[in-house]
Amino acid sequence: TIRHCEYFHLAKGRDLGFNAVLGFFAKLSNGTGEQILTRQMLRLSHVLHLPESLTFYYAHGGYYITQYFVSLSMPVLVFVWLLVLCGDCNTKLEAFFPFPCEVPAADAMASLLTAWFSVYI
């Protein structure tokens, strides 16, 4: 005879820490990185038309590449803003600034940020 047993799930849920979740996402991203390098992906990219190719890109490896660029963009943006603010018109650097500086860089940056983020106000 076949014996059938039902088990109820009564255990506690696992409380996953940051390192456990990070390890899981590292496995996913490593697998996707290896998948991108295969010949099958190259062949598939030659066969798919543009809408299917873009959908496939953003659903697989493109997600991780886009996340990398997004995480890289913030330090680059802050660095560029610091360059603009620190490179304000200095009268000693006439070789680099042959034009007169009427508007300081801080005012220019403030007006730029006001224009960008006025939607959220």
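## Pocket lining and helix packing in a predicted model

The largest pocket is lined by Ile36, Met41, Leu44, Ser45, Leu48, Ser53, Phe56, Tyr57, His60, Gly61, Gly62 and Ile65; a pocket here is an open set of points, on a 1 Å grid over the protein atoms alone, with protein on both sides within 12 Å along at least five of seven lines, and lining residues have an atom within 4 Å of a point. The model is predicted, so that local features need pLDDT of at least 70 and side-chain atom pairs count only at pLDDT 80 or more, whereas totals for chains, interfaces and linings use all residues. Residues are numbered from 1 along each chain as its sequence is written, and side-chain values use heavy atoms, with hydrogens and water left out.

The volume of the largest pocket is about 190 Å³, taken as the space filled by probe spheres set on the points, which are joined across faces, edges and corners. Its lining comprises 7 nonpolar, 5 polar and no charged residues, where Ala, Val, Leu, Ile, Met, Phe, Trp, Tyr, Cys and Pro count as nonpolar, Asp, Glu, Lys and Arg as charged, and the others, Gly among them, as polar. Helices H2, H3 and H4 each supply at least two residues of this lining.

Ile36, one of the lining residues, belongs to helix H1 and is partly exposed, because its relative accessible area is 38% (buried means under 20%, exposed over 50%, partly exposed in between, with a 1.4 Å probe and protein chains only). Leaving aside residues up to four places away in sequence, Ile36 touches Met41 and Gly61, contact meaning heavy atoms within 4.5 Å. Between Ile36 and Tyr57, which are 21 residues apart along the chain, the C-alpha separation is 9.8 Å.

The chain has 5 helices and 0 strands, these being DSSP runs numbered from the N terminus (helices H or I, at least four residues; strands E, at least two).

| Helix | Residues |
|---|---|
| H1 | 18-36 |
| H2 | 39-47 |
| H3 | 50-59 |
| H4 | 61-86 |
| H5 | 105-117 |

Helices H4 and H5 pack at an angle of about 140 degrees with their axes 8 Å apart; axes are lines fitted to C-alpha atoms, for helices over the stretch in contact, and angles run from 0 to 180 degrees between N-to-C directions. In this packing, Trp81, Val84 and Leu85 of H4 meet Ala105, Ala106, Met109, Leu113 and Trp116 of H5, and the residues of the contact divide into 8 nonpolar, no polar and no charged.

Of the 121 residues in the chain, 5% are buried.

Note on methods: 1 Å grid on protein atoms, 1.4 Å probe; cavity = no way out; pocket = protein on both sides within 12 Å on 5 of 7 lines; lining within 4 Å.
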